[in-house]
Amino acid sequence: MIKKKRLGDILVEVGFITQEELQQALQEQKGSDKRLGQVMKEMGLITDQDVMEALEFQLGIPQVNLRKFVIDPEVVKMIPQALAEKHRLIPMKRKGNTLTIAMADPLDVMAIDDISVHTGCEITPVIASPEEIEYAINQYYGNEDVVNEFVEDISSRVQREEDGELGLNRLRQMVEEAPVVKLVNNIIEEGIQLKASDIHIEPQEEIVRVRYRVDGVLYNEMNVPRHTHSALISRIKIMAGLDIAKRRVPQDGRVELDLENREVDLRVSILPTIKGEKVVIRILDKSSLMLDLKQLGFLPGQERLFKRLINQPYGMILITGPTGSGKTTTLYSALKSLNSSEQNIITVEDPVEYRLDGVNQVQTNPKAGLDFANGLRSILRQDPDIIMVGEIRDKETAEIAIHAALTGHLVLSTLHTNQASGALARLVNMGVEPFLVASSVLGVVAQRLLRTLCDDCKTTKELPEDFDQKLDSFKGKLEQNADEGSGLERFGPQGCRVCNQTGYRGRTAIHELLEVDGELEKLVMRNASASEIEDLAKEKGLITLEGSGLMKVEQGVTSLEEVMRVTKVQVEEGE
């Protein structure tokens with residue numbers, strides 16, 4: 001049982017506040033319905049951490065980190081969500097007839113008695129911060145109640161047409177009703193909270209599957225019954241300004257949200273499949289966009305070279321990699337570092353993903369005749385210093401961009417190739433004259449995104465012998481790129497509540513940075529293959545994607561398995 005002590009007396013005893021400050025807080029509390037702890041926090045006398053430390057020290061009530069604790073769903077069901085929210089607590093584990101609950105205020109005897117009566121268990125309280133309590137409640141209660149309410153509501157009121165789909169008039173009514181709105185909002189908010197890049201809503205034979213892409217990997221989050229599909233999709237269409245009557249053609253739309261001073265753009269893509277309409281919602285959270293070159297994951301030597309290249313007065317720099325490899329973020333980071341009142345920077349993009357102050361951004365509109373090529377022609381008549389082309393897709397765009405690079409403009413763009421050397425060969429294969437490619441391209445950056453190990457749970461790991469042998473082949477090149485953090489203990493993934501049991505949290509980029517110098521120019525001019533260009537670049541010190549990834553394993557940033565997954569590097573596993 002908890003000793004009968006008041007919070008104020010405990011805080012005085014441990015020296016967090018004085019007796020005079022306690023009296024001031026008690027005076028302030030008079031006439032209000034606020035708890036003393038809340039009053040003292042508002043007065044700036046204490047923090048939540050102060051309270052937890054004081055209670056742990058004086059009463060022996062242990063602190064817990066709910067983000068690192070996995071709670072059995074059956075235990076969660078012992079206390080209804082309304083009761084958990086009322087008393088700011090969540091059940092953690094049950095052993096026999098003893099139920100351990102995490103509380104923001106473990107001195108709340110009435111709350112403990114209430115839970116004891118409801119569950120019939122003896123209660124053992126532990127303390128957690130209010131933020132962690134709220135996080136846990138959202139995690140463990142959030143979706144189930146909303147989904148159940150939505151399903152129950154639709155099951156009881158939906159009227160079906162002969163083809164099994166909801167009537168159009170009924171759909172228009174339902175998409176504005178609370179259960180549908182709540183479910184869609186919950187799906188989107190969950191994606192933002194998980195820091196997902198995409199939400200996939202996919203009709204199956206018996207269910208509608210909702211998946212989130214987090215750190216580049218898709219995770220199944222919830223399933224809802226199949227007959228909810230029409231109302232769910234129609235609500236998303238309404239939000240994105242799309243036509244709910246069109247169910248057999250692809251549609252694309254956009255939603256702008258303002259969530260607690262965070263600007264979030266949602267790009268909605270609707271695709272008809274044989275099982276119904278599939279939705280992918282891309283989440284563009286402007287508050288989480290990193291536009292600092294130091295945060296892009298370059299090795300120090302690569303960062304110095306990249307800065308030198310983008311500060312050239314003219315020429316072309318290409319960023320290559322597959323879809324979702326962070327090319328746009330790298331481009332925007334470069335533009336931000338170059339942005340100044342002395343420079344006229346103009347971009348042509350499809351779409352404009354993020355708005356940059358001081359940069360003139362143009363959105364392509366093929367239906368109106370404004371594609372990359374036409375947009376680029378118009379830009380050249382606007383007296384630009386720096387031009388960014390979202391993507392070079394064809395010979396016409398490539399030739400105009402190269403012409404701009406040769407006539408005194410710095411041109412930044414992206415290209416879909418796997419390796420840096422492949423970009424030069426790709427331009428030639430598009431039909432651009434080799435001598436134009438050789439004389440205009442300053443450098444090529446190939447990049448990939450890989451997951452970083454969760455700092456809360458990563459564990460030391462013995463790597464196979466072949467790893468050191470593999471890394472040694474890069475050591476000479478990596479020495480000039482070595483950071484103070486190199487040589488750290490090597491780690492692998494484990495999994496905890498913070499990283500949703502994946503062992504990874506967040507992503508970083510690995511790069512292959514190819515500078516086109518005189519020798520490489522000669523190779524390009526004689527129409528050399530990508531492999532010939534890469535071989536010469538390696539002789540001159542090119543750090544490949546593989547080398548960049550292995551260096552980050554050496555630094556403890558990521559795991560060998562993740563580098564193997566992203567780069568397909570082969571390392572012999574030990575016994």
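**Loops, a cavity and a helix pair**

Modeller: Pro351 sits in the loop between strand S11 (345-349) and strand S12 (360-363). Helices (H or I, at least four residues) and strands (E, at least two) are DSSP runs, numbered from the N terminus. This is a predicted model, where local features need pLDDT of at least 70, side-chain atom pairs count only at pLDDT 80 or more, and totals for chains, interfaces and linings use all residues. Residues are numbered from 1 along each chain as its sequence is written, and side-chain values use heavy atoms, with hydrogens and water left out.

Colleague: What kind of peptide bond joins Asp350 and Pro351?

Modeller: A cis one, with omega at about -5 degrees.

Colleague: And what's the phi of Asp383?

Modeller: Positive, about 55 degrees, although Asp383 is not a glycine. Asp383 is in the loop between helix H14 (372-380) and strand S13 (386-389).

Colleague: Switching to voids: how many cavities of 30 Å³ or more does a search of the whole structure find?

Modeller: The search finds 1, and the largest cavity holds about 30 Å³ of space. On a 1 Å grid over the protein atoms alone, a cavity is a set of points where a 1.4 Å probe fits but cannot get out, and lining residues have an atom within 4 Å of a point. Volume is the space filled by probe spheres set on the points, which are joined across faces, edges and corners.

Colleague: Which element gives the most to the lining of the largest cavity?

Modeller: H13, with 3 residues. Helix H12 (300-310), strand S10 (315-320) and helix H13 (327-338) each supply at least two. Among the lining residues are Phe306, Ile319 and Leu412.

Colleague: How do H16 and H20 pack?

Modeller: Helix H16 (residues 420-429) and helix H20 (residues 530-539) are at an angle of about 140 degrees, with axes 8 Å apart. Axes are lines fitted to C-alpha atoms, for helices over the stretch in contact, and angles run from 0 to 180 degrees between N-to-C directions. That makes H16 oblique to H20; under 35 degrees counts as roughly parallel, over 145 as roughly antiparallel, 65 to 115 as roughly perpendicular and the rest as oblique.

Colleague: Which residues meet there?

Modeller: Ser421, Gly422, Leu424 and Ala425 in H16 meet Ala530, Ile533 and Glu534 in H20, where contact means heavy atoms within 4.5 Å.

Conventions:
On a 1 Å grid over the protein atoms alone, a cavity is a set of points where a 1.4 Å probe fits but cannot get out, and a pocket is an open set with protein on both sides within 12 Å along at least five of seven lines; lining residues have an atom within 4 Å of a point.
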